[in-house]
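Here is a friendly tour of one protein chain, written for someone who likes to know the cut-offs behind each term. Have the viewer ready and follow along.

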Amino acid sequence: MPEDRPPVTLRGFRPSDVPFISAIVADALLEHYDPGLYPSLSAEWPDGFLVASDPDEVPVGFLLGVSQVDREARVLMFAVDRHHREIGIGNLLMSTFLDRSRARGFRRATLEVRVSNATAIRFYARYQYSVVDLLKGYYSDGENGYQMARSLP
Ligand SMILES: CC(C)(COP(=O)(O)OP(=O)(O)OC[C@H]1O[C@@H](n2cnc3c(N)ncnc32)[C@H](O)[C@@H]1OP(=O)(O)O)[C@@H](O)C(=O)NCCC(=O)NCCS
């Protein structure tokens with residue numbers, strides 16, 4: 001892992017982030033969501049929605065975590081802008097998210113990933129997530145997904 005901290009600040013989600021986050025999602029995750037989804041998802045666990053912003057306060061990456069199952073955290077969306085990858089922002093977001101999940105008493109973390117997304121699957125394996133299920137036709141374009149999970153000791 002890079003020793004230097006990446007040049008970003010981690011902060012909570014703000015409604016003004018939506019256009020920037022939507023652009024990252026469209027490019028990185030190939031999905032489009034209603035803009036109202038982000039504020040509503042952040043409401044239940046605001047600390048689970050981490051935004052990495054540049055010195056101008058512009059979001060360059062984010063991790064949106066929710067808890068829909070008792071004592072479980074779920075990574076619903078996670079992406080870094082393509083011009084800001086491989087400088088440690090993903091590591092910062094995931095390690096902070098896992099710390100916050102433990103602090104909240106969650107025992108398990110789960111996520112879904114496209115079966116073709118080798119970069120993300122490798123990234124998650126580094127964080128001790130392993131494949132627990134195959135989700136047939138999970139994505140809107142019909143691609144299969146893996147569900148991955150890890151315990152939070
Ligand atoms: C997965 C993703 C969030 C990682 O973010 P990132 O900011 O590039 O990650 P980091 O810079 O913190 O890198 C983390 C580790 O992964 C490695 N890594 C990241 N991208 C890599 C790549 N394309 N090839 C090889 N290694 C890579 C880094 O070298 C680093 O390793 P280290 O911890 O041993 O130093 C980013 O690639 C991304 O946004 N991808 C598109 C969206 C996506 O797939 N999201 C997940 C959907 S489920």
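## Ground rules

A residue counts as buried under 20% relative accessible area, as exposed over 50%, and as partly exposed in between, using a 1.4 Å probe and protein chains only. By that scale Arg82 is partly exposed, since its relative accessible area is 45%. Helices (H or I, at least four residues) and strands (E, at least two) are DSSP runs numbered from the N terminus.

Please keep in mind that this is a predicted model: local features need pLDDT of at least 70 and side-chain atom pairs count only at pLDDT 80 or more, while totals for chains, interfaces and linings use all residues. Residues are numbered from 1 along each chain as its sequence is written, and side-chain values use heavy atoms, with hydrogens and water left out.

## Salt bridges

How many salt bridges does a search of the whole structure find? The search gives 9, where a salt bridge is a side-chain nitrogen of Lys or Arg within 4 Å of a carboxyl oxygen of Asp or Glu. Arg82 takes part in one of them, meeting Asp27 with N and O 2.8 Å apart. This pair links distant parts of the chain, with Arg82 in the loop between strand 4 and helix 3 and Asp27 in helix 1, 55 residues apart. Asp27 is also partly exposed, at 35% relative accessibility. Another bridge joins Asp17 and Arg11, whose closest N and O atoms are 2.8 Å apart. Here Asp17 is buried at 2%, and Arg11 is buried at 12%.

Asp141 sits in the loop between strand 6 and strand 7 (145–151), and Arg114 belongs to strand 5 (residues 108–114), so to speak 27 residues away. Salt bridges that share partners join Glu31, Arg114, Asp141 and Glu143 into one network.

## Rings and a charge

The charged end of Arg114 also sits over the ring of Tyr139, 4.5 Å from its centre. For this term, NZ of Lys or CZ of Arg must be within 6 Å of the ring centre and within 35 degrees of the ring normal.

The whole structure holds 10 aromatic pairs. Rings of Phe, Tyr and Trp (its six-membered ring) pair if their centres lie within 6.5 Å; planes under 30 degrees apart count as stacked, over 60 as edge-to-face and the rest as tilted. Phe13 and Phe49 are stacked because their ring centres are 4.5 Å apart and their planes are at 10°. Phe13 lies in the loop between strand 1 (9–12) and helix 1 (18–28) and Phe49 in strand 2 (residues 49–53), so the pair ties together parts 36 residues apart in sequence. Both residues, Phe13 and Phe49, are buried. The pair of Phe78 and Tyr124 is tilted, with centres 6.2 Å apart and planes at 40°. Phe78 in strand 4 and Tyr124 in helix 4 are 46 residues apart. Phe78 is buried at 14%, and Tyr124 is buried at 6%. Ring pairs link Phe78, Phe123, Tyr124, Tyr127 and Tyr129 into a cluster.

## The largest pocket

Phe78 and Tyr124 turn up again here. Which residues are closest to the centre of the largest pocket? Of the 39 lining residues, they are Phe78, Ala79, Asn117, Ala120 and Tyr124. On a 1 Å grid over the protein atoms alone, a pocket is an open set of points where a 1.4 Å probe fits, with protein on both sides within 12 Å along at least five of seven lines; lining residues have an atom within 4 Å of a point.

The volume is about 1200 Å³, meaning the space filled by probe spheres set on grid points joined across faces, edges and corners. Strand 4 gives the most to the lining, with 7 residues. By class the lining has 21 nonpolar, 8 polar and 10 charged residues; Ala, Val, Leu, Ile, Met, Phe, Trp, Tyr, Cys and Pro count as nonpolar, Asp, Glu, Lys and Arg as charged, and the others, Gly among them, as polar.
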